[in-house]
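Reader: Before we start, please take me through this model feature by feature, giving the general idea behind each reading and then the particular case.

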Amino acid sequence: MRKLCSLWLSLCLIIGLFAVIPASASAETLYPVPRVTIITDNGNGTTLEKADGYVNAAISITDVNGETLSDSVQLKVRGNSTALPFVTKKAFTFKFNKKREVLGMGKGKKWALLANAFDPTLLRNYIAFDLAHTLKLDYTSEQRFVELWVDGSYRGCYTLMEPVQDGKDRVDIDIESNGGMNDFLIEREATRSEDDVTYFKTEGIRFAVSEPKEPTGEQLNYIRSTMDDIMATVKSGDRDAISAKIDIPSFVSYYLLNELYKTADFNFSSVFFYYKEGVLYAGPAWDYDLAAGNSNSAYSANAAASADSEGLFAANSHLYRYLCSYDWFNDEVRDAFRLYHDDFANIAAEGGMIDHLLEEYRPLFDRNYTSAGWNVGKWWVNVQKKPLSTYDENVAYLRDWLSARVSWLNEYFRVPDEPVLSVLLGDADGDGEVTIVDATCIQRHLAELTTASYLAAASDADGDGIVTVIDATCIQRYLVDLSAPENIGKPIE
């Protein structure tokens, strides 16, 4: 009997898959990305609502080389706004009975299928997570564009991702030792309440406890008291004390990502922090569909500020309302922005990230609006900017918004349009001063992590005629007053 059931499920998977493949489409044109096929036990996958909870299903995940992972899973609708009844392109969570390796993204039991229903370009989340990796935000979720079929119905373009949760291949924190009073993961959650989630406040800021999922009273008191202590330290402004409590580099990178993108939810939800080995870290990144100009400016003051490509935004939220009031933190942010400036500018530039993604995935995006039938011009939800009528118009809007945003941030962070002509030895980025950013610029250039054209003469800090990692070390030694070439910091003759 068990063998017959297995055979029946396999046949369902095959029949469901081929039932939705257009007869005129070849395998090469139809599958530039992995494909995911889900068959629910009750055949109701396309009508599921969040209130239905988990249902049993069979899943088949086929990579671009034709290798297939097939298993049984539990499937449910995920999200909050995206799970509302009138949103017909639902996002899903599915979980295996045991951890499985999926498309080279590590092992995990639980996985997310994001529909990107509120983003007509289907690009915002993907770009944000790629940028989070560039900014070296630890535990940023891996992602893959996929095509999804549910119960024989082609559902179009989805992003298969690791959800934000603890695990060796996820957020690697220890939530079990010391009675569970060691590490934890929390999420900013301003107003939303769910029965199976624990909430707490510190300094008037409300958080949800993500890990451990069901904290005991003792664990909750530990998390709350730890955050009370951290918040009191952050409010003090004492740089040394703050640096001992929070990881400054992660807070700088997380701030830059959300300030660049003007994420509408940044002071409300989907904003994570994790506590590991006595230090609070910002991140991982999550949820960027209502960002980069994709907010309805008439909905609220927050949405209007998010939609505007000018002005500061993330600086007014939770911990950042304190951090961004300190000159030393703003200096760190300014240096990091200058360091990653070319990566930000490359997103919307001709031949940059957006163009690259369109070149690789445009057939997939087109099928989302043709074969799957999703309407690119439909207004999904009132907080979202009303989409333009065509896909190309929406991409052009995103490109223009990001270009304008980077231009405004250039002026705010005083990034020069052209390198200073009369440069200082060691001033690798040409901003008129020698800082640790110059050493990092040289290291990134040597590691081919950036396409920036650093000033060769200024980067050759030791004057041996070539730029090597030794030049970065010379700059570092100069900055801490150790023995270094005497001409560093002086004009090049």
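**Reading burial, charge and helices**

Author: Let us begin with Ile59, whose place is in strand β2 (residues 55–62); helices (H or I, at least four residues) and strands (E, at least two) are DSSP runs, numbered from the N terminus. This is a predicted model, in which local features need pLDDT of at least 70 and side-chain atom pairs count only at pLDDT 80 or more, while totals for chains, interfaces and linings use all residues. Residues are numbered from 1 along each chain as its sequence is written, and side-chain values use heavy atoms, with hydrogens and water left out.

Reader: Is Ile59 buried or exposed?

Author: A residue is called buried under 20% relative accessible area, exposed over 50%, and partly exposed in between (1.4 Å probe, protein chains only). Ile59 counts as buried because its relative accessibility is 0%. The C-alpha atom of Ile59 is separated by 9.2 Å from that of Phe94, although the two residues are 35 apart along the chain.

Reader: How many salt bridges does the model have, and by what rule are they counted?

Author: A salt bridge is a side-chain nitrogen of Lys or Arg within 4 Å of a carboxyl oxygen of Asp or Glu, and by this rule the count comes to 18. One of them joins the side chains of Asp71 and Arg100, at 2.6 Å from N to O. That pair links distant parts of the chain, since Asp71 is in strand β3 (residues 68–78) and Arg100 in strand β4, 29 residues apart. Asp71 is partly exposed, with a relative accessible area of 24%, and Arg100, at 22%, also counts as partly exposed.

Reader: Which residue forms a salt bridge with Glu203, and where do the two partners lie?

Author: Glu203 pairs with Lys235, the closest N and O atoms being 3.1 Å apart. This pair, too, links distant parts of the chain: Glu203 is in the loop between β9 (198–202) and β10 (205–211), whereas Lys235 is in helix α4 (residues 217–236), 32 residues apart. At 39% relative accessibility, Glu203 counts as partly exposed, and Lys235 is partly exposed with a relative accessible area of 39%.

Reader: What span should helix α6 have, and how much of α6 is covered?

Author: The expected span of a helix is 1.5 Å times one less than its number of residues. For the 14 residues of α6 (residues 248–261) this should give 20 Å, and the end C-alpha atoms are 20 Å apart, which agrees. Helix α6 is mostly covered, with 13 of its 14 residues buried. Just after α6, Lys262 takes a positive phi of about 45°.
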